[in-house]
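Thanks for sending this one over.

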Amino acid sequence: MIWEIFRQERKGQPFESAGSVDAPDAEFAEAWAREQYGRRGESVALWLIPRDAIHTVDKWADEFELKYRRVDGYSIKARLKEARERASAGTR
Amino acid sequence: MAAVEVPHDEQAFLAYVQGGGQVETTDWLPEDYRRKLIKFIEMHGNSELMGVLPEREWILRAPTLQRKLALTAKVQDEVGHAQLIYRVVEDLGKPRAQCLADLVDGKAKFHNVFHYPTKTWGDVGVIAWLVDAAAIISQKALLKCSYAPYARIMKKICWEESFHILHGRDVILAMVTGTAEQFELVQEAVNRWWGPLMQFHGNPIAKEEDPMYQWRIKSQGNEEARQQFLDGYVPQIWELGLTVPDPKLRKTDDGVWEYSEPDWEELKHVVTGHGPCTDERLALRQRFIEQESWVRDIVSTA
């Protein structure tokens with residue numbers, strides 16, 4: 001049984017994928033993972049997750065070009081310039 | 001900005017990895033890429049596993065308790081690296097048991113430096129310092145490997161290797177600041193290991209012609225790695241008053257190291273299973289695979 005290991009380096013930091021171990025149950029998985037990722041105090045916490053339990057999402061439909069949801073979907077430079085020019089010319 | 005899709009076509013895939021793209025186990029991988037990955041990563045795993053044997057021989061003979069513990073820790077690190085690496089190979093389709101069987105049957109390779117004897121404690125120091133230094137140069141270049149699961153475990157491996165180099169330097173410094181005999185043990189070990197060290201990064205094939213570079217499994221060429229090794233470590237050797245057994249060795253004005261042509265025939269001969277300790281070490285590995293099979297049986301049926 002393959003267990004994916006995620007380790008947290010310091011309290012408050014995100015858990016990061018660090019590798020995997022092959023172990024028959026959680027007890028063995030913990031023993032292996034402690035040896036691999038914790039014997040120098042390099043992790044404050046580990047998540048051991050059976051690989052089969054991970055639901056991966058890696059297909060992204062982009063039919064609608066979701067640019068309006070992102071900063072790169074907005075180009076305000078030209079409009080800002082025009083607005084400033086109008087304001088200083090007193091045409092507003 | 002659509003999500004990046006890994007191309008499902010060999011040529012496009014090649015362009016993708018050459019442009020710095022990385023892939024996951026679940027992505028479509030060209031057959032040739034998968035085969036090359038398995039070959040390369042398996043050899044790395046074999047080298048970690050076989051690399052502990054020259055040092056293991058000295059655990060019982062280490063000069064102090066501190067050294068004995070440090071060496072034991074290092075051996076544990078390397079075996080741990082082998083376990084992580086074989087997991088990556090396994091996910092690519094080759095089971096660990098098959099890797100081990102091919103290793104002891106002499107069908108798979110491991111690094112040239114692990115085919116040689118560890119004559120004295122000076123050799124242990126030189127292995128931990130210079131052999132590990134040469135290895136870490138190759139390994140750091142794998143942090144950018146196009147196969148992301150391998151690149152990710154290299155982070156941990158490189159981190160632990162940096163401790164190994166320091167441990168090696170500490171062993172060497174203790175000896176070069178000790179008695180004349182101790183200094184001589186280090187010099188003799190440098191003389192013995194220089195040839196294999198110069199062969200370690202492989203023949204100077206142009207990186208564009210190296211399939212491992214083409215697929216961006218490696219991110220640097222062989223000669224690039226060797227130059228980096230020479231540049232980093234020859235000055236460190238010289239500053240301790242040690243010499244390098246190569247009269248042609250020098251750094252030219254344009255910053256390139258010149259050296260005598262390494263013995264490529266010896267390299268080929270050794271890595272194809274004809275090194276001075278190849279048979280003995282593979283026999284030991286074989287013995288332990290058999291001896292510990294009951295552990296695997298118990299764990300796999302737990």
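**Notes on the two chains**

1. Let's start with chain A, which has two helices and three strands. Helices (H or I, at least four residues) and strands (E, at least two) are DSSP runs, numbered from the N terminus. Along the sequence of chain A the order is β-β-α-β-α. The radius of gyration of chain A is 25 Å, well over the 12 Å that the globule rule gives for 92 residues, so this chain is more spread out than a compact globule. (That radius is taken over C-alpha atoms, and the rule is 2.2 Å times the number of residues to the power 0.38.)

2. A word on the source before going further. This is a predicted model, in which local features need pLDDT of at least 70 and side-chain atom pairs count only at pLDDT 80 or more, while totals for chains, interfaces and linings use all residues. Residues are numbered from 1 along each chain as its sequence is written, and chains are lettered from A and ligands numbered from 1 in the order in which they are written.

3. The C-alpha atoms of chain A fill a box of roughly 75 × 35 × 15 Å along the principal axes.

4. Pairing here requires at least two DSSP bridges between the strands. A:E4 stands opposite A:S20 in β2(A) and opposite A:I49 in β3(A).

5. Now for chain B, whose secondary structure comes to 12 helices and two strands. From the N terminus on, the elements run α-α-α-α-α-α-α-α-α-β-β-α-α-α. A compact globule of 302 residues would have a radius of gyration near 19 Å, and the 20 Å of chain B agrees with that. The C-alpha trace of chain B spans about 65 × 60 × 35 Å along its principal axes, and buried residues make up 37% of the chain.

6. Which helix does α4 of chain B pack against? Helix α4 (residues 96–104) of chain B packs with helix α11 (residues 278–291) of chain B at an angle of about 140°, their axes 9 Å apart. Axes are lines fitted to C-alpha atoms, for helices over the stretch in contact, and angles run from 0 to 180 degrees between N-to-C directions. B:L100, B:L103 and B:V104 in α4(B) meet B:L282, B:R285, B:Q286 and B:I289 in α11(B).

7. Finally, the interface: 14 residues of chain A are in contact with 13 residues of chain B, contact being C-beta atoms, placed from the backbone, within 7 Å. On the chain A side, β2 and α1 (26–38) each give two or more residues, and β2(A) has the largest share, five residues.

Definitions and conventions: A residue is buried if 20 or more other C-beta atoms lie within 10 Å of its own, exposed if 12 or fewer, and partly exposed in between; C-beta atoms are placed from the backbone. Two residues are in contact if their C-beta atoms, placed from the backbone, lie within 7 Å.
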